[in-house]
Amino acid sequence: MRTLEVTKLRDLTGPGHTDDYGIGGTDLGAAVLAPDGRLVAVFGDTFESKHAGGPGWRSPVILFGDPATVRSDGGVRWTGSAGGDHPYAEQVISYRHNARIGGRFGGLVGGTRITTQLPTDLITIGDEMYLHVMACEGLGNVHWTEIHRSRDNGVTWESTGLSWPGGHLGGLFQMLTWELGPDGYVYALTTGFQRDKPLLLHRVPADQLLDAAAWEGWGFAGGAWAWGNPPTPVLPGAFGELSLRCVGDQWWLALFDAGNYRIDLVPMPQGPTTDLTTAERLTVIAGCGWGDEDHGCGRVAQCYGGYILPGSTPQEMHLVVSQWHTHDNWPYRAMHFRARIGP
């Protein structure tokens, strides 16, 4: 059994941390390196005050960071934001909250009401970046998912036109994480946005990412697992946010295990097709009640998220963890945790 030493390095968002960007309260924070080397982190529902709700509602927003600070004792330091020639972090996708949007998947007459569009993950392929988002009517009700693209290192984004209905694959293709493998395939793990569903595994050639027909599932049929079969669950349970990454030459998964109220790291020694039902699980963040918190050892109330930061190593993993006090609406923030993993 490996040893684990968990340390909170800092709050990444909130008063005193992201005021210059008009960010008081926000969450999520999936991050990758842009083609130019800067760290790009994407956040969900964002407000100017520290509380969830209130003025300045936008989602998603993007902050840029200095990748050299990921492994410093002070944690990630922000250097700018996307959306304009000013520090204020603008919404990077064009839509209005609570608007009705028509023309998608036989939507309702008068359009489908979209309260917010939430990011699930980013990926960099060559000189371009891609962002996967969920178009939601309230939390957990996903009307469709969609891929957006940036050709300028995450500063501006446009729709690629590729989208899937919320019910695709029985609703198990809503929350997504992806990573480019050395074999030229993008591998993706997906689940629903209800935190009560298992995981599916998919792959697509990187140069065909935007061809829906090129995506194929990893499924069990005829007594064996194989690509091209209808995807079947690779890990039963009740999951939320996911983060699949190549860390050095090793594959790792970070996942919010909602059913067990914790955030785990999962080494994947056989790559994306590792048997996750028998894989080692390292609990970095243990969910707890508000009166039982101890961030110094990874006990966090109303925790979720858990995104692997660029610069992590198999011996020292860095995660972005979210926390939302749903009764008081503060704390509503993203935090930087370090997990040192022993043999």
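Colleague: What makes strand β19 (residues 262-268) largely enclosed by the rest of the structure?

Modeller: Six of the seven residues of β19 are buried, so the strand is largely enclosed by the rest of the structure, where buried means under 20% relative accessible area, exposed over 50% and partly exposed in between, with a 1.4 Å probe and protein chains only. This is a predicted model, in which local features need pLDDT of at least 70 and side-chain atom pairs count only at pLDDT 80 or more, while totals for chains, interfaces and linings use all residues. Residues are numbered from 1 along each chain as its sequence is written, and side-chain values use heavy atoms, with hydrogens and water left out.

Colleague: How do you know that β18 (residues 250-257) and β19 pair?

Modeller: Two strands pair if DSSP finds at least two bridges between them, strands being DSSP runs of E with at least two residues, numbered from the N terminus. Seven bridges join β18 to β19, which run antiparallel, and therefore the two count as paired. L253 stands opposite V266 in β19, and the two strands form a hairpin with four residues between them, where Y261 in the turn has a positive phi of about 55°.

Colleague: How many bridges join β19 to strand β20 (residues 282-288)?

Modeller: Four bridges join them in the antiparallel sense, and the bridge partner of R262 in β20 is A286.

Colleague: Which residues touch the most other members of the largest nonpolar core?

Modeller: Of its 58 residues, these are W78 and L265, a nonpolar core being a set of buried Ala, Val, Leu, Ile, Met, Phe, Trp, Tyr and Cys residues joined through side-chain atoms within 4.5 Å. Strand β24 (residues 332-341) gives the most to this core, with six residues. A second, separate core of 17 residues includes Y187, L201, L255 and V266.

Colleague: Why is T13 called buried?

Modeller: The relative accessibility of T13 is 0%, which lies under the 20% limit, so T13 counts as buried. T13 lies in the loop between β1 (4-11) and β2 (28-33), and, leaving aside its neighbours within four places in sequence, T13 is in contact (heavy atoms within 4.5 Å) with T18, T26, F43, R333 and A334.

Colleague: What makes β2 and β5 (78-81) edge strands?

Modeller: Four strands form an open, antiparallel sheet in the order β2-β3-β4-β5, and β2 and β5 each pair on one side only. Strand β4 (residues 61-65) pairs with β5 over three bridges, and L63 stands opposite S81 in β5.
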